[in-house]
Amino acid sequence: MVKRLLWANFKLNMSTKAQIAEYMQVLAASLTDEVDVVFFPQLTQVGLLASVYPDLARWAQNVTHHANGAYTGEVSIATLLDLWIQYALLGHSERRQYYGETDQAVAAKIIACVEQGIRPVVCVGETLEEREAGKTLAALERQLSVYKEVCSFASLDLAYEPVRAIGTGLTPTNEDIAEVHTWMRGYAGTEKTRILYGGSSNDVNAPTFIQLPNVDGFLVGWAALDPVKFGKMISATAA
Ligand code: PGA
């Protein structure tokens, strides 16, 4: 069995050194080797986490596929590697929604990451409309088929993040999560792909969700901003 995963996506939060230091002070007591706890902070905070907690994994919320050049505001894979970052989140629904990232753009990032030694964590998920039309698996297959063409799934991890569940407090049913994760495992065709659930996971639902088949852990947004709640999630995920 893979070590269970609890990955905190700080998004555009935890913006100051003081906030991170205060957060880590509360969370420190809950950290355990039994769970793979990882932080995706704003890139500028990676150095701070590294200096205060050198053993704590901290990875990137995004990266560009361009190696270098006139791409104002982007961050390169070389920069991530220089900061000892080994994983990058790709295709988060907020990137798709607010920055127009397409499956093709995500695929280009996957290729560049895999070639250069960054492991992608690729987010996929259906919209509310797709879910209501009974097209959840078709939507996931549409996304995953683009990625399957460009790399072996053994080189990446997947996060199932139904768009309607992100930041809304609305989660799918246990049956829905189990069905989708089991389908994704079959589609990936390998145990090497770790499959996280993301979308309003928290300290209350984590104990149940972690027991579902093919749920290897969680990609957590809001609940990860509260170190007490996140600490409880660590215990729940380890149990
Ligand atoms: P949420 O976000 O836990 O706040 O729903 C999850 C995510 O966006 O990865």
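Predicted model: local features only at pLDDT ≥ 70, side-chain atom pairs only at ≥ 80, totals over all residues.

I began with rings: those of Phe, Tyr and Trp (its six-membered ring) pair if their centres lie within 6.5 Å, and planes under 30 degrees apart count as stacked, over 60 as edge-to-face and the rest as tilted. By that rule, Trp7, Phe40, Trp59 and Tyr87 are linked by ring pairs into a cluster. My search of the whole structure turned up 13 aromatic pairs.

Residues are numbered from 1 along each chain as its sequence is written, and side-chain values use heavy atoms, with hydrogens and water left out.

Next I checked charges over rings (NZ of Lys or CZ of Arg within 6 Å of the ring centre and within 35 degrees of the ring normal). Arg95 sits over the face of Tyr99, 4.1 Å from the ring centre. Lys148 does likewise over Phe153, at 5.6 Å from the ring centre.

Then the ligand: which residues are closest to it? I found 13 residues around it, the closest being Lys11, His92, Glu161, Gly167 and Ser200; a residue counts as near if one of its heavy atoms lies within 4 Å. That shell splits into five nonpolar, six polar and two charged (Ala, Val, Leu, Ile, Met, Phe, Trp, Tyr, Cys and Pro are nonpolar, Asp, Glu, Lys and Arg charged, the others, Gly among them, polar).

Last, the box: the C-alpha atoms of the protein fill roughly 45 × 45 × 30 Å, taken along the principal axes.
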